[in-house]
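Subject: Structure for your files

Hello,

Here is the structure I said I would pass on. My notes on it follow below.

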Amino acid sequence: MTTLSCQHTMKQLDDYVDHTLSHEQDQAVRAHIETCTPCATRLQQITALQAQLKALPLPQLEPDFTARQLDRFWQQHQARRLSRRWSWTVAASLLLGIALGGGLTLWSGAQAQHATLATPSETFILPLGEVRELRLNVKSSDHVPGASLSLRLPANAELVDYPGEQELNWQADLKQGSNLLILPLRAKGNVENELVLVVLSPAGHQQTKALRLASATKMPTWPQSPGTALNSI
Amino acid sequence: MMKQEFDLLVGPLLPWLFRLAYRLTNHRQDAEDLLQSVLLKIYPQMRELQHIDQLKPWLGKVLYHEFIDGQRRQKRWLQLLDPQAPRNPAAPDVESLMPGTEAEAPDRQLENRQCHDRIIQAMSTLSSEQRALIVLHDMEGYTMEELALTLDIPTGTVKSRLHRARQRLRLCLAGEPFSEPYV
């Protein structure tokens with residue numbers, strides 16, 4: 001049987017723990033560990049970490065967990081089937097983006113530097129219980145560093161990972177050309193109002209754009225003809 | 001496809017699927033959302049599902065790919081929205097976790113909990129793919145061959161990536177009694 005060095009043994013410990021060594025290699029590692037304290041200690045550490053990983057706790061599931069999950073699935077399934085009937089929006093499966101077009105000009109100085117916010121010309125539908133990505137294309141003819149963005153959401157609409165927050169503010173550098181803003185949105189209840197995005201340049205020029213959101217369980221009350229253009233500022 | 005047939009086919013596997021989703025996301029709501037995205041994905045293929053001998057590995061594969069795709073989409077959005085956004089998708093949902101069922105002294109329970117928190121934090125520093133490898137193999141017992149089928153990569157590649165993921169995890173846990181990295 002081959003006698004192994006510590007360095008060689010250390011490199012093989014993962015394979016040893018995984019039982020992926022040949023019989024001869026396995027025997028050689030075992031023989032080395034039996035006579036080498038540092039390597040035996042290292043093996044103990046590896047197996048201890050694996051034990052800790054396996055022991056990480058899990059949430060307790062309620063007795064009706066399965067029933068709830070299936071109910072939620074069928075509700076979403078039904079909502080998606082309904083949204084496909086409304087062909088004036090592009091049908092999308094869960095988490096697929098929808099490309100929207102339009103234009104808005106943001107002037108940030110005497111120069112021709114300006115940014116355009118490509119705005120949607122249709123209402124954005126949010127089926128209840130689903131996440132839909134709203135993609136907005138902020139076009140800028142020049143680099144606009146330090147632009148401030150402010151997003152205001154209507155009641156019952158929220159951004160994934162920002163539950164309960166109806167207004168978000170952040171700064172971003174707008175690069176020359178297209179700047180894609182992807183907003184994964186979810187309707188918690190009936191949504192029938194506007195999402196408002198405000199873009200403010202460091203020079204103080206502000207542009208505001210509104211987009212109508214509607215949840216899928218109720219027909220919106222305003223006209224829904226395709227290609228309806230929103231007002232530009 | 002009849003509702004009852006679908007429910008009977010996938011219902012019994014949902015607790016297991018959720019467990020896997022939770023291991024990957026470490027967040028209760030994210031795990032349930034991931035579970036739902038899997039159901040929505042597989043439903044159109046119900047006819048084929050009924051003829052699959054081993055539905056569990058197939059569902060595990062769908063879950064893995066939905067998780068990875070979701071992580072990539074989320075990263076893209078987060079970078080655009082706010083690179084400094086104070087969000088850690090892998091932050092542990094500690095409040096919803098069960099305490100140990102064995103009777104332990106409070107000090108021991110606290111020690112275990114802190115240890116678990118450190119491990120979860122270290123796992124969150126791995127890439128999504130690395131985290132998935134550790135979860136599927138070291139935590140859920142997938143064999144190398146099962147991993148190769150799930151990830152659609154050769155077994156040798158699975159092994160080398162898994163070992164690199166473990167090394168990375170150990171480096172993150174430097175100082176823990178079980179974490180000393182290789183020399």
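Please keep in mind that this is a predicted model.

Chain A on its own

Of the 233 residues in chain A, 48% are buried. The chain has four helices and eleven strands. Looking at contacts in chain A between residues at least 6 apart in sequence, 67% join residues at least 24 apart. Its accessible surface is about 11,300 Å², and carbon and sulfur atoms account for 53% of that.

Where the two chains meet

The contact involves 49 residues of chain A and 58 residues of chain B. Together the two chains bury about 5,300 Å², with 60% of this area on carbon and sulfur atoms. Across the interface there are 17 residue pairs in polar contact, both residues being at pLDDT 80 or more. On the chain B side, at least two residues each are supplied by α1 (3–10), α2 (14–25), α3 (28–42), α5 (55–81), α6 (106–124), α7 (128–139) and α9 (155–172). The largest share of that side, ten residues, belongs to α3(B). Sorted by class, the side of chain B that touches chain A consists of 32 nonpolar, nine polar and 17 charged residues.

The rule also finds seven salt bridges between chain B and chain A. Arg166(B) forms a salt bridge with Asp14(A), and the closest N and O atoms are 2.8 Å apart. Asp14(A) is also joined to Arg170(B), through a side-chain polar contact of 2.7 Å. Arg170(B) sits in helix α9 of chain B. Its relative accessibility is 5%, so Arg170(B) counts as buried, the cut-off being under 20%.

Two backbone angles to look at

Most residues other than glycine have a negative phi. Which residues here have a positive phi without being glycine? Asn156(A) is one of them, with a phi of about 75 degrees. Asn156(A) lies in the loop between β6 (144–152) and β7 (157–159) of chain A. With a relative accessible area of 30%, Asn156(A) is partly exposed.

Asn26(B) is another such residue, its phi being near 55 degrees. This asparagine is in the loop between α2 and α3 of chain B. Is Asn26(B) buried or exposed? At 11% relative accessibility, Asn26(B) counts as buried, because buried means under 20% relative accessible area.

Regards

Conventions. Residues numbered from 1 in each chain as written. Chains lettered and ligands numbered in written order. Predicted model: local features only at pLDDT ≥ 70, side-chain atom pairs only at ≥ 80, totals over all residues. Heavy atoms only, no water. Buried < 20%, exposed > 50% of the residue type's maximum accessible area, 1.4 Å probe, protein only. Contact = heavy atoms within 4.5 Å. Areas by Shrake-Rupley, 256 points an atom, 1.4 Å probe, with all protein chains shown as cover. Buried area = accessible area lost by both parts, 1.4 Å probe. Salt bridge = Lys/Arg side-chain N within 4 Å of Asp/Glu carboxyl O. Polar contact = N/O pair within 3.5 Å; in protein donor to acceptor, adjacent residues only side chain to side chain. Nonpolar A, V, L, I, M, F, W, Y, C, P; charged D, E, K, R; others polar.
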